[in-house]
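Please keep the sequence and the structure in view while working through the points.

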Amino acid sequence: MKRLVALRRWEAATEPTSAAMERLRRRIVGPDHATLLQEVRRVDDRAVERLRQRLRPPFRVGSSWVKLGIPLAVAAGIFASLRAVPTGHLDERLTAMERTERALTPAVALAFRGSGAATGPFASPRLHWDVGTLEVEVDPSAGVNVIVETREATVRVIGTGFTVIRDALGTTVDVAHGAVAVSCGDGWAGTLHVGEHHTCLPLTAPGWLLRVQALRDQGANADALLLALDRGSALVPDSDPVAAELVEIRVEVLVEAGRTSEASEVARRYPPTGPRASEMLRLTNSIDATTP
Amino acid sequence: MIVTSPSGVLSQQMLQCSPETLAAAAAGDRAAVDAMVLAWGPTVLRWCARLGGPGVDAEDAAHDSLVRILGKLHTLKDPAAFPAWLFQTCRSVISRHRRHAWVRRWAGPVSRETPDPRDRFVESDLASAVQAALDALPSDLREVLVLCDVEGRCDPEAAALLGIPVGTAKSRLRRARDLFGVEATARGLAPPLLAVVGEEP
C-alpha cells in the first residue's frame, strides 16, 4: 500500500494516548449511570402506578421527566433507608510499591501506589498524599465528605470516583465519575466533571525545577520549558542554587532550540562568583565555538 | 487482517465487536457498550483528531460521536454497514465542531491551562505543516487522504467508509495528494516527504 511519506510519519504524531482513550471510555461508560439504571429497573411497577395516580395537574404524568423522576425518587428512598453514615476514626499510613486496592472505610475504597496518610473520622476522612497515584471511589449514597490534600492541591468530593497523581509535574486530578472541587495553591480553583482533569502546578522553585526536568524528559517544546523556567525563577533570588540550576537549564534549552544568541546573553549575565559559574563558562565557550 | 464479506469490507474491529455485541449495546447492556467503545473508541478518536484539526477538541468530538451512535444504534439494520455509518456520524459531528471552533479559540480549552506535554500530539515542524496543509484541503479530499495515506486503508475500505464508488475514491485520492503536495510545499515540507512510497519491508 503506497502512501505519502509525510502523512505516514504524521500518523504516529496523532495516535491517541492510552490516557486519552481511558478518559473517553469513562465519559461513555460511567458506572454510576449504569448502576442507576439497574436500580430504576428494580423499582416496583405497582408503586410507580400508585404514585402516578396521586399526581395532580399541572404535572403531566406522560412527560419523560416525570416518568424518570418517579422511579428515581423511589430508588433514592430505598437507598436512604438501607444506608447509614459510617462511624470510626482513621490514623494510618498508606504505603505501597505496587498498586494496592483496599477499603479505607465502608464508604471509601482506595487503589494506590505511592505514599501518604489517612486521618479523621469515617464520615469526613482526610487523605494526605505525598507521592504516587491514588485512586478514590466514594459511595455517593453514604453522604461522606472526603478531602485529599497534597502540597499543591486540595480536592473535595462527595460521592464520586477520581484519581490524584502527585509527581514531578505537580498534582493532577482526573475525574472518573461525579464531580470534585479542586483548589490549587497557586490560586486556581474549579469544579472538575467526568473526563476532565487539571494539574495543580508546583509552589516552590525546587518543585518547578523537578517539573522542568520532567517536561524535558517528555520532549516538551522550548516555549513550554521556558515558561516553566520563568515560573520557577520568579520564586527564588538569583543567589539561590536552585536559581542557578534553572539558569543553566534555560541556556541549554535555548541552545537546543537554535536560539544561540539568547543563550549566550543569558549565560554571560550569570555572576562569575555564582555556584555554577564553571558550568556557565563551559556553556558560553561551547556556544562561541559553534556560532559562526 | 482484512476480511472481505459479500456485503463489503470488514476490519479486525468488526471481528472484535460482533453484530450480537452491537445489538446488546443498542439494548443498553453495559458490557456490550464497553466492548464497543474499546473496539471502536480509538478509531473514532483518531478520526476526530486527524479530521478535526487544531480547532477541534478531539475527545469532545469523539464523545459526541459515540453518544450519538449509541443513541441511534437500534436503527442500524445491517451490522456490516456499521463502520461506514460510524464514519459518517463522526464526519457530521466533526463538521459541527469545526463550525464552532471559533468559540473554543475565544473561550480557551477546557480544563487544560497549557498544552499537556503528556499528550502525544507533539508540536513539531512536520506535524504543524502537515496539519495546516490538511486543513487547507476541501473536506472530501481531506477525508480520503487521512483514511488512505495516514491510516493505511486500501481503496475499497476507504470507499466503503465514505459511501462512494471505489473509482471515485481513487480519483479523489489522486487529487488530494496533488493538492496536499502544493499546500505542504508552501508550508516548507521538503520534496522527499511528499513522495508516495510503499511500506518498508
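Predicted model: local features only at pLDDT ≥ 70, side-chain atom pairs only at ≥ 80, totals over all residues.

1. Chain A in outline. Chain A contains 10 helices and 11 strands. Of its 292 residues, 34% are buried. Among the contacts in chain A between residues at least 6 apart in sequence, 43% join residues at least 24 apart.

2. Chain B in outline. Chain B has 10 helices and three strands. Read from the N terminus, its elements follow the order β-β-α-α-α-α-α-α-α-α-α-α-β. Buried residues amount to 36% of the 201 residues in chain B. For contacts in chain B with a separation of 6 or more, 63% are between residues 24 or more positions apart.

3. Strand 1 (residues 3-4) of chain A pairs with strand 3 of chain B in the antiparallel sense, over two bridges. A:Arg3 has B:Val197, in strand 3 of chain B, as its bridge partner.

4. A helix pair in chain A. Two packed helices are described by the angle between their axes and the distance between the axes. The axes of helix 6 (residues 205-217) and helix 7 (residues 222-233) of chain A come within 8 Å and cross at roughly 170 degrees. Because of this angle, helix 6 of chain A is roughly antiparallel to helix 7 of chain A. The residues of helix 6 that meet helix 7 include A:Trp208, A:Leu209 and A:Val212, while those of helix 7 include A:Leu225, A:Ala228 and A:Leu229. By class, this contact of helix 6 with helix 7 of chain A has nine nonpolar, one polar and three charged residues.

5. A hairpin in chain A. Strand 9 (residues 180-184) and strand 10 (residues 189-192) of chain A pair in the antiparallel sense over four bridges. A:Val182 stands opposite A:Gly190 in strand 10. Four residues lie between the strands of this hairpin, in which A:Gly187 takes a positive phi near 105 degrees.

6. Helix 8 of chain B. Is this helix mostly covered or mostly uncovered? Helix 8 of chain B is mostly covered, with 10 of its 12 residues buried. The buried residues include B:Val144 and B:Leu145, and also the charged B:Arg142, B:Glu143 and B:Asp149. After helix 8 of chain B comes B:Gly152, which has a positive phi near 70 degrees.

7. In soluble globular proteins, nonpolar side chains tend to be buried together. The largest nonpolar core here has 56 residues, of which B:Val44, B:Cys48, B:Val144 and B:Leu145 touch the most other members. Helix 3 of chain B supplies the largest share of this core, 11 residues. Apart from this core lies another, of 31 residues, among them A:Leu94, A:Val108, A:Val164 and A:Val182.

How values were computed: Residues numbered from 1 in each chain as written. Chains lettered and ligands numbered in written order. Buried ≥ 20, exposed ≤ 12 C-beta atoms within 10 Å, placed from the backbone. Contact = placed C-beta atoms within 7 Å. Pairing = 2+ DSSP bridges. Axes fitted to C-alpha atoms, helices over the stretch in contact; angles between N-to-C directions. Parallel < 35°, antiparallel > 145°, perpendicular 65-115°, else oblique. Core = buried A, V, L, I, M, F, W, Y, C linked by C-beta atoms within 7 Å.
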